[in-house]
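I opened the model to look up a few local features, one entry at a time. My notes follow.

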Amino acid sequence: MTNLTPVPSLTELVRSHTDLDDEDVAWLQLLQADWQIIADLSFADLVLWLPDREERGFWAGAQMRPTTGPTAYVDDVVGTFVPVGRRPMLDAAWAQRRLVREGDPEWRDDVPVRVETIPVRRHGRVIAVVARNTNLLGVRTPSRLELSYLQTAADLTQMIAYGSFPNPGQRSDHADSPRVGDGFLRVDAAGRVAYASPNALSVYRRLGLSGDLAGLLLADLTRELVPPRRRPDEERLSAVLGGRAHLDTELATDQVALIVRAIPLRPEGDHIGALILVRDVTDLRRRDRELVTKDATIREIHHRVKNNLQTVAALLRLQARRIDSEPARSALEEAVRRVGTIAIVHETLSEAVEEQVDFDEVADRLGRMVAEVSAAGDRVRVRRDGRFGVLPSEVATALAMVLTELLQNAVQHGYDPSAGPVEGPGEGPIEGSATGHIVVTVRRLVGRLHMAVDDDGRGLPAGFDLDGSTNLGLSIVRTLVESEFGGQLVVGPVPAGRGTRAEIDVPLE
Ligand SMILES: Nc1ncnc2c1ncn2[C@@H]1O[C@H](COP(=O)(O)OP(=O)(O)OP(=O)(O)O)[C@@H](O)[C@H]1O
Ligand SMILES: [Mg+2]
């Protein structure tokens, strides 16, 4: 295998080389979900060996390095094959269905490695072998912590061999599930603390404990320190903190939040106690809360901006009604419409989770709005072809302005009967029951956005010159497209059809 080959997944390896069924795979995946704990408690690398279909040997299906000690494997072994006879301990664990501990250290690149092999049993059948590889250069005179870790690791490996670990029952998929290094406790069958790692002790000190943990009933202690409203119900609390259920839970005081996870230990079948991991998640939870409030604040601001813009629009509309001069009035009405466009974007943002806008929704709303307020009214249909998708809010605001102006022009100059007599090849204002069709075509290309607004109206006036046009609408569009986006605007007749096409092409990050 070269370094360039992607590492195959456990499922792929099982499918191509073994006879294991889907439930076996599910069992191995469940084991894999928790075996970081065993690697850490053992200070050892774990490799999951899968039996070859033709019984020629074993395939390395998965691998886990310890975070508590040096690795015994510099290179990845997943996907490699070991034939029968080369690693007698693998063969022995498989054939004799027992833990194999005896044997001299193996030397790998000048590193002495102690190997133990553990049969993985599911419903009485052995389905794989786990090899535990300890880099002996990392082994110091064991302290109480190390002895406790190793003892617990031994209990868990025993359970693997008996088929009582992993536990298919209740396991939550907390991404923030505690690790051994976060805080480790060992409780006896009664739920009394037999050993607590220094980190576990610190966690309980933060919770309000003043003395030592050893000898205390963990469930009782926790009940004393944690107010009832911040802890799980009685049943769950005693199940987890008493170490009787394979479960986790979260508790908190006003200062501290923690996750507690229990793995009951039954190495010989009888419950002898549990491994309990605790993790202080105060900072994580605080950050979660801050994110929630920040999001809510941003949404509220957009909501207010929208309301303010609508107030401005209403004032302008009021003003427009009082003015006698027709040009002045229509200018104010235009302003009302432009302000309304920006309000729509803020309204969408006030409902959005992030500073991202689903622009298809905005575009469709603008299309309806423009058609509704136009003189051609319900005889103009606006249709969208293609998706804008999600856009950052700055882009969305500018693009909404551009789209509104182009739609407005199409409705106003393409079909409005009051827009003057028809010239040129187009057939002019829609008459009778005819309907005008405006199509917004969108293409999102890599790093670019292309949009065309086509109408089938009367077409551009003779001698139309975009560069010479000084009217406000297209000037706004041009400024936004060219200066704001660094893109291009083209306005001309629809190729091989009637009406006008306004096209923009803008780069997007
Ligand atoms: N879809 C179209 N069909 C026909 N003529 C159009 C179309 N779009 C633009 N035009 C022509 O281009 C001119 C310039 O458009 P522009 O949007 O800049 O100004 P306007 O629409 O006249 O005024 P406003 O500033 O209110 O938008 C229009 O007056 C019209 O003659
Ligand atoms: Mg216009």
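I started at Leu 472, which sits in helix 12 (residues 472-484). Helices here are DSSP runs of H or I with at least four residues, strands are runs of E with at least two, and both are numbered from the N terminus. Leu 472 is exposed, at 54% relative accessible area. I use exposed for over 50%, buried for under 20% and partly exposed for in between, with a 1.4 Å probe and protein chains only. Which distance separates Leu 472 from Glu 405 in space? The C-alpha atoms lie 9.5 Å apart, while 67 residues separate the two in sequence.

A note on the source. This is a predicted model, where local features need pLDDT of at least 70 and side-chain atom pairs count only at pLDDT 80 or more, while totals for chains, interfaces and linings use all residues. Residues are numbered from 1 along each chain as its sequence is written, chains are lettered from A and ligands numbered from 1 in the order in which they are written, and side-chain values use heavy atoms, with hydrogens and water left out.

**Helix 9 and helix 11**

Helix 9 (residues 326-351) and helix 11 (residues 393-415) pack at about 145°, with axes 10 Å apart. Axes are lines fitted to C-alpha atoms, for helices over the stretch in contact, and angles run from 0 to 180 degrees between N-to-C directions. The crossing of helix 9 and helix 11 is right-handed.

I listed the contact, meaning heavy atoms within 4.5 Å. Helix 9 brings Glu 334, Arg 337, Arg 338, Thr 341, Ile 342, Val 345 and Leu 349, and helix 11 brings residues including Ala 400, Met 401, Thr 404 and Glu 405. By class, this contact has six nonpolar, five polar and four charged residues. Ala, Val, Leu, Ile, Met, Phe, Trp, Tyr, Cys and Pro count as nonpolar, Asp, Glu, Lys and Arg as charged, and the others, Gly among them, as polar. An α-helix has 3.6 residues a turn, so residues three or four places apart point the same way.

Arg 317 belongs to helix 8 (residues 282-322). Arg 317 is partly exposed, at 40% relative accessibility.

**Helix 1 and helix 2**

I then checked another pair. The axes of helix 1 (residues 10-17) and helix 2 (residues 22-42) come within 11 Å and cross at roughly 145°. This crossing is right-handed. Leu 10, Thr 11, Val 14 and Arg 15 of helix 1 meet Asp 22, Val 25, Leu 28, Gln 29 and Gln 32 of helix 2. The classes are four nonpolar, three polar and two charged.

**Thr 157**

Is Thr 157 buried or exposed? Thr 157 is buried, with a relative accessible area of 1%. Its place is in helix 4. Setting aside neighbours within four places in sequence, I found Thr 157 in contact with Ile 38, Leu 99, Ile 118 and Arg 132. Pro 267 is 110 residues away in sequence, yet 8.1 Å from Thr 157, C-alpha to C-alpha.

**Helix 7**

I looked at the buried side of helix 7 (residues 234-241). Its buried residues are Leu 237, Ala 239, Val 240 and Leu 241. Their cover includes helix 5 (198-207), helix 6 (218-225), strand 9 (247-252), strand 10 (257-265) and strand 11 (273-280). Just after helix 7, Gly 243 has a positive phi of about 75°.

Asp 110 lies in the loop between strand 4 (106-108) and strand 5 (111-122). Asp 110 is exposed at 71%. Ala 496 lies in the loop between strand 17 (488-493) and strand 18 (500-507). Ala 496 is exposed at 91%.

I also noted a cis peptide bond between Phe 165 and Pro 166, with omega about 5°. Pro 166 is in the loop between helix 4 (144-162) and strand 7 (184-188).

Definitions and conventions:
A crossing is left-handed if the near helix is turned anticlockwise from the far one by less than a right angle, and right-handed if clockwise.
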